[in-house]
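Please look at the model below and follow it alongside the text.

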2 protein chains.
Amino acid sequence: MKIGELSKRTGLATSKIRFYEDIGLLKLVKRADNGYRTYPPEAETVLHLISNGQKAGFSLDELSKLLPSDLSDWKHDQLLNALRQKLADIELMEKKLADNKRQLNSILNDIEAKPGGMACADNAKRVISQMGMGKGRR
Amino acid sequence: MKIGELSKRTGLATSKIRFYEDIGLLKLVKRADNGYRTYPPEAETVLHLISNGQKAGFSLDELSKLLPSDLSDWKHDQLLNALRQKLADIELMEKKLADNKRQLNSILNDIEAKPGGMACADNAKRVISQMGMGKGRR
DNA sequence: CATAAGGTTAAAGTAAACTTGAAGGTCAAT
DNA sequence: ATTGACCTTCAAGTTTACTTTAACCTTATG
């Protein structure tokens with residue numbers, strides 16, 4: 001298929017598809033006699049893998065190391081490990097969020113229970129300050 | 001505290017902390033007589049919130065709309081609102097994380113459950129078709 | 001007093017992931 | 001044969017999120 005059809009099938013802009021080729025991420029492409037790009041149906045699969053990989057937090061650089069040019073060459077184990085690592089990261093973050101949520105809820109309950117108090121605001125500030133969602137390195 | 005201490009406490013580069021101030025994301029800062037930035041302890045909390053917000057998939061732009069501008073100026077009424085807002089923020093983060101996680105899990109499950117004689121390429125296609133995610137817009 | 005360590009600014013540079021623009025070639029239909 | 005849709009390349013522009021650089025000021029220490 002030509003790039004326009006691939007674009008419609010995947011919902012990705014043609015510029016994006018050409019860009020992925022430029023950076024060596026999408027290698028499943030030949031040229032027709034007129035110079036037009038021609039894609040096998042597999043290309044659609046690869047593009048979906050790329051999009052979903054990005055949604056799951058992978059950079060294009062990571063993806064180009066993970067995805068093979070040929071799907072039958074898929075580095076199965078490598079991909080599995082990478083996916084499991086991302087999943088672990090997310091689960092850790094969910095835990096922290098749940099903790100923070102629980103703390104916030106208890107603060108809210110306290111404040112709503114005794115509206116006149118002056119200490120409650122200070123207390124709230126204290127708890128908020130302790131809301132260590134872990135050391136935030138990126 | 002001065003910027004160096006805040007940097008050490010949070011693990012964030014001083015350039016990053018100044019940058020967050022530049023774009024109006026970190027407003028918890030005064031100036032000493034010598035011109036040095038001076039931060040209240042709450043600044044550490046806010047920076048952790050920012051880092052973790054980013055990890056949860058928020059852009060700095062989204063975060064500057066979500067985060068309270070001044071933790072130290074919170075009054076009782078505002079505190080309640082801020083807490084409720086924060087709770088809503090966290091729930092939003094949880095949704096994003098759940099989204100990411102669902103994405104990853106569906107990929108993982110399908111790859112792990114790879115039926116015996118199925119070729120990698122075919123399996124990959126099956127994975128994609130079952131992701132139901134359709135067209136990868138971001 | 002000298003010097004290092006740490007603070008200040010403004011501006012420029014970087015990297016990722018694209019998009020846009022210009023100038024043009026190809027193809028199907030009227 | 002001309003229009004319009006679709007294709008090409010290459011370069012330059014954009015956005016986000018920072019870092020680096022340069023020149024300079026302030027504070028602590030030997």
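In this predicted model, a phosphate oxygen of DNA strand C is 2.7 Å from an N or O atom in the side chain of R31(B). The pair is a polar contact, which is a pair of N or O atoms within 3.5 Å; within protein, one must be able to donate a hydrogen and the other to accept it, and residues adjacent in sequence count only if both atoms are side-chain atoms. Chain A reaches a phosphate too: the distance is 2.9 Å from a side-chain N or O atom of Y20(A). A base nitrogen of DNA strand C lies 3.0 Å from a polar side-chain atom of Y36(B).

The surface near DNA strand C takes two or more residues from each of α2 (14-22) and α4 (60-66) of chain A and α1 (3-10) of chain B. Here near means that a heavy atom of the residue lies within 4 Å, and helices are DSSP runs of H or I with at least four residues, strands runs of E with at least two, numbered from the N terminus. With 4 residues, α2(A) gives the most. Of the DNA strand C atoms within 4 Å of the protein, 78% belong to sugar or phosphate and the rest to bases.

Next comes the interior. In soluble globular proteins, nonpolar side chains tend to be buried together. The largest nonpolar core has 27 residues, and I17(A), Y20(A), L26(A), Y39(A), L47(A), I50(A) and L63(A) touch the most other members. Such a core is a set of buried Ala, Val, Leu, Ile, Met, Phe, Trp, Tyr and Cys residues joined through side-chain atoms within 4.5 Å, where buried means under 20% relative accessible area (1.4 Å probe, protein chains only). The helix α3(A) gives the most to this core, with 5 residues. Apart from it lies another core of 19 residues, including L28(B) and F58(B).

How far can chain A be trusted? Its average pLDDT, the predictor's confidence in each residue from 0 to 100, is 75, and 61% of the residues score at least 70.

Residues are numbered from 1 along each chain as its sequence is written, while chains are lettered from A and ligands numbered from 1 in the order written. Local features need pLDDT of at least 70, side-chain atom pairs count only at 80 or more, totals for chains, interfaces and linings use all residues, and side-chain values use heavy atoms, without hydrogens and water.

Definitions and conventions: Buried < 20%, exposed > 50% of the residue type's maximum accessible area, 1.4 Å probe, protein only.
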